[in-house]
Amino acid sequence: QVQLVETGGGLVLPGGSLRLSCAASGSIFRIDTMSWYRQAPGKERELVATVTAGGRTNYADSVEDRFTISRNNAKNTVYLEMHALKPDDTAVYYCNAVVSSTMYGSRSPYWGQGTQVTVSS
């Protein structure tokens, strides 16, 4: 089994910054893509950013140039640096990782429990 634990959420003023972290642990042989999603009240969960094992990144248009995703493969950790935050960024942010538990095993997606980010004055 694999566990993902997010930290770093909280309340921030508009224009402020936050850094989210997500550490994976458990039965891990290899982690492929790691991603951040978010879900605002009354809305569907949406993809925010993705980083491949090789470091290639992709962002939602709404966060491009404001958010940066990165990962530390040695620590099985993914980060999300968020700047110039807006009230529309308010949501629960979820970490996702696609994990292989053995060398020839299949890949499976795992989710963290989520961390609340609130942007408000």
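1. R38, E46, R66 and D89 are joined in a network of salt bridges (a salt bridge being a side-chain nitrogen of Lys or Arg within 4 Å of a carboxyl oxygen of Asp or Glu). Within it, the side chains of E46 and R38 meet at 2.7 Å, N to O. R38 is buried, with a relative accessible area of 5%, while E46 counts as partly exposed at 36%. For those labels, buried means under 20% relative accessible area, exposed over 50%, and partly exposed in between, with a 1.4 Å probe and protein chains only.

2. Before going on, some housekeeping. This is a predicted model, where local features need pLDDT of at least 70 and side-chain atom pairs count only at pLDDT 80 or more, though totals for chains, interfaces and linings use all residues. Residues are numbered from 1 along each chain as its sequence is written, and side-chain values use heavy atoms, with hydrogens and water left out.

3. How many salt bridges are there by this rule? The count comes to six. As background, side chains of opposite charge can pair when their charged atoms come close.

4. D32 deserves a look, as R30 forms a salt bridge with D32, the closest N and O atoms being 3.3 Å apart, and the side chains of D32 and R107 also meet in a salt bridge, 3.3 Å from N to O. D32 lies in strand β4 and R107 in strand β10 (residues 107-111), so this pair ties together parts that are 75 residues apart in sequence. Strands here are DSSP runs (E, at least two residues), numbered from the N terminus. Is D32 buried or exposed? D32 is buried, at 14% relative accessible area; R30 is partly exposed at 35%, and R107 is exposed at 55%.

5. On to F29, which has its place in the loop between β3 (18-26) and β4 (30-39). With a relative accessible area of 40%, F29 is partly exposed. Leaving aside residues up to four places away in sequence, F29 touches S100, S101, T102 and M103 (contact means heavy atoms within 4.5 Å). The C-alpha atoms of F29 and Y104 are separated by 9.5 Å, and the two residues are 75 residues apart along the chain.

6. F29, M103 and Y104 make a nonpolar surface patch of about 410 Å². Patches are made of residues with over 30% relative accessible area and no salt bridge; like charges are joined within 9 Å, and nonpolar side chains (Val, Leu, Ile, Met, Phe, Trp, Tyr) within 5 Å. The areas come from the Shrake-Rupley method with a 1.4 Å probe, and for residues only the protein chains shown count as cover.

7. Lastly, the sheet: four strands form an open sheet in the order β1-β3-β8-β7, with antiparallel pairing (two strands pair if DSSP finds at least two bridges between them). β1 (2-7) and β7 (67-72) stand at the edges with a single partner strand each, so one side of each has no neighbour in the sheet. Neighbouring strands of this sheet are turned by 15 degrees against each other on average, direction ignored; axes are lines fitted to C-alpha atoms, for helices over the stretch in contact, and angles run from 0 to 180 degrees between N-to-C directions. β3 and β8 (residues 77-82) pair in the antiparallel sense over six bridges, and L18 stands opposite M82 in β8.
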